[in-house]
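Subject: Structure handover

Hello,

Here is the structure we spoke about. Please open it next to this message; the findings follow below.

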Amino acid sequence: MLTVVFWDVILLIVLLMFSVPLPYCFGGALLFMSFFGDVSMKSMMLWAFDQMINPVLLASPMFILAGILMGGSGIAKKLLDFVDVFIGHIKGGLGVVCAVTCAIIGAISGSGFTGVAATGPIMIPRMVEQGYPRGFSTALLSVSSILGLLIPPSAIMILYGWVTETSILACFLSTLGPGLLITALLSIVNLVWAKKFDLKLETREVILQRRKEIVPRTLVALPALLMPVIILGGIYGGVFTATEAAAVSAVYAIPVGFFIYKGFRGGNFFPLLRSSASAIGSIMTMILFCLMLSQTYVMLKVPQAIVEIVYSLTDNTTVLLILINLFLFVVGMVINDATGMILVAPLLLPLMKQLGIDPIHFAAIMGVNLAMGGVTPPYASILYLGMRIGNCSFQEILGPTLVFLIIGYVPVVFLTTFWPPLSLYIPRLLGF
């Protein structure tokens, strides 16, 4: 049976390499297991549909809708203006504005795409005009956008908590420390690197005028700033669940976009809803097939086999954790974060428990690794979206992206793995 599973994984990889749409990749692998794995698809289909109507899963489409509405409503622009008025005037400050704004947007949308889609059309031209290279600007924005997967609430942490039966609130908090640390490191790398650029700095008169705008811009940004306060305050205050928070964020963006920021008009609101529906349909179909394939492997006792195989190679915990990180990094390179979470978390969790790793700690390890896949080719969906919005070539963006990942991201991956307090201190402080 392990031989059948091995060839099924090979088939899945081949389909992914040929750029077959993700739902069909997992559907094809599932079909292979139906023919050669002696697995009943009738019972599997019933089980999967029962899982799909779980209220927890509604958070994913709601966060997708909220993210798309944020981009069109004007909320993202007001957040940019708010952060810019405080630190935009220093040399390299505009890059810090980019990273911090993506972190704030992450506290609203729970998605990695929202940051680059909502702020890219505004932020990249502004940075280029000030003197930043286009490739650098696009790389910084793209890498910063994956903070949406780490700063709570996070859509992939909802999926992890769901498939592993771990507290979703604890999973949210586990990636907060790594997310804030990455924000700080990206900002520092940007400030150091910006010294090499011939940036157009603001005159003293402009800086004084900017200071006068602090109060007006804060008041204008207040409805946007209330969004993460309402969402996170509601979740941790027990007012509503993570799923309800996703719905609240989507509903909240509509009146703000229509009546306060006036980003919504009759001509653009309904096309945004249509694009949301299309994206949601594709993602939910993919999740359905991925759930069935993952459960198939669990039924065939693949997790137990993985534990035995790994321990036959080495029993050194440090080596095993490094190998697991490399494996998760490769998974993130070939499939999206949500799919990787659903497919891999149930398979590796038994091994992590054998190693003495807390499930909440493992949530953070999976989160930081799979999030990095969004900007790491060949999958790199967030990076490619950033290239399209920033109108730059792969050659222009590759160098800066690698620097931001190696200096600003990879160290946090290892810290998260080998220093548990980074991901466990805040959950333990709040009683999880």
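**Salt bridges**

Lys-77, Asp-81 and Arg-126 are joined in a network of salt bridges. Please keep in mind throughout that the model is predicted. The count of salt bridges comes to five.

Start with Asp-81 and Lys-77. Their salt bridge has its closest N and O atoms 3.1 Å apart. Both residues sit in helix H5 (residues 75-87). They are four residues apart, about one turn of the helix. Asp-81 has a relative accessibility of 14%, so it counts as buried, the limit being under 20%. Lys-77 is partly exposed, at 37% relative accessible area.

Next, Asp-84 and Arg-217. Their side chains form a salt bridge at 3.5 Å, N to O. Asp-84 belongs to helix H5 and Arg-217 to helix H13 (residues 214-236), so this pair ties together parts that are 133 residues apart in sequence. Asp-84 is buried, with a relative accessible area of 7%. Arg-217 is partly exposed, with 23%.

Then there is Arg-428 with Asp-358. In this salt bridge the closest N and O atoms are 2.8 Å apart. The pair links distant parts of the chain, 70 residues apart. Arg-428 is in helix H23 (residues 421-429). Asp-358 is in the loop between helix H18 (337-354) and helix H19 (359-372). Both ends are partly exposed: Arg-428 at 40% relative accessibility, Asp-358 at 24%.

The largest pocket holds about 1200 Å³ of space. It is lined by 42 residues. Closest to its centre are Phe-113, Ile-283, Asn-336, Tyr-379 and Ser-381. Which helix gives the largest share of this lining? Helix H4 (residues 59-73) does, with seven residues. By class, the lining of the largest pocket has 28 nonpolar, twelve polar and two charged residues.

The second largest pocket holds about 830 Å³. Its lining has 26 residues. Those closest to the centre are Val-9, Ile-306, Phe-327, Val-331 and Leu-347. Helix H1 (2-17), helix H16 (302-313), helix H17 (317-334) and H18 each supply at least two residues of this lining. How does the lining of the second largest pocket divide by class? It has 26 nonpolar residues, no polar and no charged.

**Two residues to look at**

Thr-296 lies in helix H15 (residues 266-299). Is Thr-296 buried or exposed? It is buried, with a relative accessible area of 0%. Leaving out residues up to four places away in sequence, Thr-296 touches Leu-30, Met-33, Val-39, Met-41 and Met-44.

Asp-38 is placed in the loop between helix H2 (22-36) and helix H3 (41-52). Asp-38 is exposed, because its relative accessible area is 74% and the limit is over 50%. Asp-38 and Leu-69 are 31 residues apart in sequence. In space, their C-alpha atoms are 45 Å apart.

**The chain as a whole**

The protein chain has 23 helices and zero strands. How does its radius of gyration sit against that of a compact globule? With 432 residues, such a globule would have a radius near 22 Å. The chain has 22 Å, which agrees. Along its principal axes, the C-alpha trace spans about 75 × 45 × 45 Å.

Of the 432 residues, 55% count as buried. Among contacts with a separation of 6 or more, 80% are between residues 24 or more positions apart.

Best wishes

Key
Residues numbered from 1 in each chain as written. Heavy atoms only, no water. Buried < 20%, exposed > 50% of the residue type's maximum accessible area, 1.4 Å probe, protein only. Contact = heavy atoms within 4.5 Å. Salt bridge = Lys/Arg side-chain N within 4 Å of Asp/Glu carboxyl O. 1 Å grid on protein atoms, 1.4 Å probe; cavity = no way out; pocket = protein on both sides within 12 Å on 5 of 7 lines; lining within 4 Å. Points joined across faces, edges and corners; volume = space filled by probe spheres on them. Nonpolar A, V, L, I, M, F, W, Y, C, P; charged D, E, K, R; others polar. Rg over C-alpha atoms; globule rule 2.2 N^0.38 Å.
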